[in-house]
Amino acid sequence: MQPSHSPLFWSFPAGSLFATRIRVSLWFPLLLLILLVRFDPKIAFALTGIFLFSTLLHELLGHVLVSRSTGGDGSEIMLWPFGGLATVRPANTFKSQFLTAAGGPFTNFMICLVLLPPLLAISGGSEAFNPFVLPVGEFTDKWGQELIVLIFFVNWALTIVNLLPIYPLDGGRMVEACLIGQGTATERKTICLKIGTVAAIIFSAIGLMTDNVWIVFLASTLLVMNILEGVSVQYGETFDDSFMGYDFSQGYTSLEKSANTTHKPVRKSFWERRRERREQEKAKLLAEQRRRDEEHLDELLAKVHQQGMSSLTAQEKKFLERKSKTMRTKNG
């Protein structure tokens, strides 16, 4: 396990897909615990599994692969109790910035689109369109249909919530992408944060008026994130990190820099700094591996010179052939 600067983002590796490392937050079981307290155990486990898989698709297909296909890059995903965090670097173009942000909710929307025909054929399936009221209280003998309703419900909720123009949601980043070319990066960020703060306040008011604790909690959390990120942007030189060690404005990182080199550079996000540290560690490991290979190669060449090729084992011969082929490729 690679601990980060903040306990909030401690995680453990969970393999990789499409050359993308996947990590799971140590706090992810909290989501299951909350659901177990609120709902039927079977429903709680189903919702947790659906949320985990849907978030993985959201981050992997929607953000990482879209970023790569539009000239950017992506290397890691972390599955968090409140969603996913993808370490991606979209290219410095409107197309890459906007599509990388929009790809996440679009992925969830496509899942909903595929499930729409069977959902409409299910009695009471239309209740899944309300993203803040669970449409299934417990599983019955029609659990297959109810599972379809829950999958649609989770992905529909992820689509709607992520399209809100609030940082750190994808909708907020889509707004920022639309402002490319309008002032400096800091000025664009400030505009987006102001929009996000107003939207979060309105969202919170809606939750209070409808007496929905989930809306109030989500809106309040997003409002705090926007306020803290706004302070960080305004006094970036004073704060090392944003909310508890993570710069939420860069849930995925951007290569975008101001065209005017006289402007003060934008402070690197937590994920950018972590990526740089990991790249440095990887470079050290590769350098150490090359050093060991060179020492082993020298030993084998000396052995061949003294005792001949017949003295080498099959494994040593394969190593020597591989190195010879590599050298020919470099020289050729």
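Predicted model: local features only at pLDDT ≥ 70, side-chain atom pairs only at ≥ 80, totals over all residues.

Helices here are DSSP runs of H or I with at least four residues, numbered from the N terminus. With that settled, I looked at what comes after α2 and found that Gly71 follows the helix with a positive phi, near 100°.

**Overall layout.** I counted through the secondary structure of the chain, which comes to nine helices and four strands, and read their order from the N terminus as β-β-α-α-β-β-α-α-α-α-α-α-α. The chain has 332 residues, of which 44% count as buried. I also looked up the contacts with a separation of 6 or more, and residues 24 or more positions apart account for 60% of them.

I then checked the length: the 29 residues of α2 should span 42 Å at 1.5 Å a residue, and because the end C-alpha atoms lie 40 Å apart, the two values agree.

**Packing of α1 on α2.** How do the axes of α1 and α2 cross? I found that the axes of α1 (residues 29-38) and α2 (residues 41-69) come within 8 Å and cross at roughly 150°, and that the crossing is right-handed. On the α1 side the contact is made by Leu31, Leu32, Leu35 and Leu36, while α2 contributes Pro41, Ala44, Phe45, Leu47, Thr48 and Phe51. Sorting the residues of this contact by type, I get nine nonpolar, one polar and no charged.

**Asn162.** Leaving out residues up to four places away in sequence, I listed its contacts as His58, Pro105, Leu169, Asp170 and Gly171.

**Gly84.** I placed Gly84 in strand β4, which covers residues 83-89. Its relative accessible area is 21%, so Gly84 is partly exposed. With residues up to four places away in sequence set aside, Gly84 touches Thr55, Glu59 and Met78. I also looked up Gly84 against Gly104, which is 20 residues away along the chain, and their C-alpha atoms are separated by 10.0 Å.

Methods:
Residues numbered from 1 in each chain as written. Heavy atoms only, no water. Contact = heavy atoms within 4.5 Å. Axes fitted to C-alpha atoms, helices over the stretch in contact; angles between N-to-C directions. Helix = DSSP H or I, 4+ residues; strand = E, 2+ residues; numbered from the N terminus. Left-handed = near helix turned anticlockwise from the far one by under 90°. Nonpolar A, V, L, I, M, F, W, Y, C, P; charged D, E, K, R; others polar. Expected span 1.5 Å × (residues − 1). Buried < 20%, exposed > 50% of the residue type's maximum accessible area, 1.4 Å probe, protein only.
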